[in-house]
Amino acid sequence: MSSLFEMDIQKLKGVGPKRAPLYRKLGAPTAGDLLRLYPRTYEDWSVQVPIAAAPLGEVSVIRGTVLHTPSETRIRKGMTLYKLKVTDGDTDLALTFFNNRYIPTLLREGETYLFRGKVTGTLLRREMSSPEFLPEGKALAVVPVYPATAGLTSRMISAAVRSALELLPQTVHDPLPQAVREEHQLCHLGYALENIHFPRSSGDLDIARRRLIFEEFLVLQLGLMAIKKGRRTRNAHPLPNRFPQEFEDLLPFRLTGAQRRAIGESIADMAGDSPMNRLIQGDVGSGKTAVAAALCWAVIQTGAQAALMAPTEILAAQHYQSLSQLLEPAHIPVALLTGSVKAAEKKKIYQALADGRIQLVIGTHALLGDQVEFQNLGLVITDEQHRFGVNQRSALAQKGTSPHLLVMSATPIPRTLALMIYGDLDISILDELPPGRQKIETYLIDPAKRQRAFGYIQKHLDQGRQAYLICPLIEEDDSGLESVEEYAALVRKSFPGTPVGVLHGKLKAQEKEAVMNAFSRGETKLLVSTTVVEVGVDVPNAVIMLIENAERYGLSQLHQLRGRVGRGQYQSTCILVTPAQNQETLKRLKLFRDTSDGFQIADADLKLRGPGDFFGSRQHGLPQLKIADLSGDLEVLRQAQACAKELFSSGLLESREAAGLRGEIRRLFHKTGGEGVVL
């Protein structure tokens, strides 16, 4: 099998140099990768119906014998029809194919085939247009459907997969040790590959699928564990193992029990033999920044420096403001380094970091620049880590000698998914909100009630408050949804004389900052925005969040948006506007309306949308899952996680029998840079 991963796809029978780029586009540059390109779905050909009994307007499978050679009719330039009739012995079926010059050679008079397509016509004359078909003798009960691309049909891919399967050795070397297969009742790899592509029955497909899902989860978990093991270097920045009470005494508030617990767990890590690698996960407003400040303070007391990296300039500026206030009483100098900082100021910051005068720096990707050097970097913090990816996580850490690593996320992630994404980190959860945080009232309305909602907003504007209005698109498109600018015009018309700010991702960094600063200072009262405000914006005077076309967002994203209000002393409201009539969509939005717990919402989101969409289009830095579905395969994931721990602790992973498994881990993580995989 491993040699097939070295065989270029164009050498495979039926592929060649012209089609090879199309296979590479699908993620199959080699014959081995093609075998791991699993069908996206399957068609059931097992139930055939007589032609006369086939329901009109529905897809059916018909068994029919060709009555005559297909006739060719050229109806206009570039359009050729091929017509023929087939019979099941009782009733005839008229077939039409468009622009397929191979039909006369593929469908031979007197031979029997299975045809799958939508039956149209009348009770007396049955028809099918461009059906799929297979010779009766070669027909499978379950037919694979592959993720086709322009110039490459599912049938072409299917033929290439058959060619690749023929190249498999008689005895396929299985990367899973026999003991693992026996303990978890898993089939052999050869059987799994045959039956995931061309299953003899739905039962065979289930057996193959479970085996491949287990293997995928196991390889991913082992890879993450290997990264974790690779980081187990000597602790170059040990701290005293005691709670930083002196820091808490500087604060104008008392820490919650969850914050104290997270700080205590982190300090214990930082006092240990190896550097800390920990995730602090908490709901919106749970106080992660105070935890980060405590750890920065503790590291800086030892003479080391700390750095915090955020995904956007707005979020970096927010952290700079918050941490400066928290650490000011301790006389700790804090700097902000982003792309929009002027060159002369950057130069001063670079120098002050290099000679140790700046003890804490907060910034964006600008922190990764070659000119950024630290005198003694002891702690690296990344915020909203899933926006960076597994490999970027260590880029900043490499500017120091084995610094401690803290990851913060305000995106509630179900624990199972957190273990997948952050399998190389220990996890602390802030499950307690600071006192004074009020529940945000949430309402669901249709667009006909928008003006009433605007009236409600006006009442709060009259009391001196502010509001966010979120719309999903930047420019007008064919969907009929209004662009941000057009929506802003509607808002200005509805709120005459009220200063309105407009914020979206296409603005330059300085423009975004100017818009946000004006809103933060209260100069603009309404902020019309896309989801740019999803994280990091803290305006306690903003008490209403109105979200247009709420059906277009995932529940976790809605929860992030709702978390922008309710940050001050005033009762806050979230209004969801949706024209949706679909019962499933309304059920989802009602669940959000009635639930304020971010982790419950995240669990529901994962079940409804699956992990691929959990963070939007970006795949959270992990190697891509090819077959496993986190929302539907949780039990297999748990089994694979337990197996991974056992393999690691028993030493079986280092054995000769596990050589193939180590190879799969290297192959999977090589595609994402293979950062830190030690095997």
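Gly563 is buried, at 5% relative accessibility; buried means under 20% relative accessible area, exposed over 50%, and partly exposed in between, with a 1.4 Å probe and protein chains only. Gly563 lies in the loop between helix H17 (555-562) and strand S22 (573-577). Helices (H or I, at least four residues) and strands (E, at least two) are DSSP runs, numbered from the N terminus.

Apart from its neighbours within four places in sequence, Gly563 is in contact with Val284 and Arg437, where contact means heavy atoms within 4.5 Å. Gly563 and Cys574 are separated by 11 residues in sequence and, from C-alpha to C-alpha, by 9.2 Å in space.

## Basis of the model and overall composition

The model is predicted, so local features need pLDDT of at least 70 and side-chain atom pairs count only at pLDDT 80 or more, whereas totals for chains, interfaces and linings use all residues. Residues are numbered from 1 along each chain as its sequence is written, and side-chain values use heavy atoms, with hydrogens and water left out.

The protein chain contains 21 helices and 23 strands. Of its 679 residues, 52% are buried. Among contacts between residues at least 6 apart in sequence, 73% join residues at least 24 apart.

## Nonpolar cores

The largest nonpolar core comprises 63 residues, and those with the most contacts inside it are Leu34, Ile157, Phe214, Leu218 and Leu661. A nonpolar core is a set of buried Ala, Val, Leu, Ile, Met, Phe, Trp, Tyr and Cys residues joined through side-chain atoms within 4.5 Å. Elements that each supply at least two residues of this core include helix H1 (16-25), strand S9 (142-145), helix H4 (154-166), helix H7 (202-230) and helix H21 (659-670). Helix H7 provides the largest share, 13 residues.

Leaving aside neighbours within four places in sequence, Ile157 is in contact with Tyr23, Leu26, Leu34, Leu37, Tyr146, Pro147, Ala148 and Leu152. A second, separate core has 40 residues, among them Ile267, Ala304, Ile332 and Leu360.

## Salt bridges

The whole structure holds 24 salt bridges, a salt bridge being a side-chain nitrogen of Lys or Arg within 4 Å of a carboxyl oxygen of Asp or Glu. Arg209 and Asp633 form one, with their closest N and O atoms 3.4 Å apart. This pair links distant parts of the chain, 424 residues apart: Arg209 is in helix H7, and Asp633 is in the loop between strand S23 (614-617) and H20. Arg209 is partly exposed, with a relative accessible area of 30%, whereas Asp633 is buried, at 8%.

A salt bridge also joins the side chains of Glu248 and Arg260, at 2.4 Å from N to O. Glu248 belongs to helix H8 (residues 245-250) and Arg260 to helix H9 (residues 257-270), 12 residues apart. Glu248 is buried at 2% relative accessibility, while Arg260 is partly exposed at 32%. The side chains of Glu523 and Arg521 meet in a salt bridge at 2.6 Å, N to O; Glu523 is partly exposed, with a relative accessible area of 44%, and Arg521 is exposed at 54%. A network of salt bridges links Arg36, Asp174, Arg181, Arg211, Glu215, Glu664 and Arg667.

## Packing of helices H9 and H10

Two packed helices are described by the angle between their axes and the distance between the axes. For H9 and helix H10 (residues 288-300), the angle is about 35° and the axes are 10 Å apart. Axes are lines fitted to C-alpha atoms, for helices over the stretch in contact, and angles run from 0 to 180 degrees between N-to-C directions.

The contact involves Gln259, Ala262, Ile263, Ser266, Ile267 and Met270 of H9, together with Ala290, Val291, Ala294, Leu295, Ala298 and Val299 of H10. These residues divide into 10 nonpolar, two polar and no charged. Ala, Val, Leu, Ile, Met, Phe, Trp, Tyr, Cys and Pro count as nonpolar, Asp, Glu, Lys and Arg as charged, and the others, Gly among them, as polar.

## Residues with positive phi

Ser130 is a residue other than glycine with a positive phi, near 45°. Ser130 lies in the loop between strand S7 (126-129) and strand S8 (132-135) and is partly exposed at 39% relative accessibility.

His331, likewise not a glycine, has a positive phi of about 55°. His331 lies in the loop between helix H11 (313-327) and strand S12 (334-337) and is exposed, at 70% relative accessibility.
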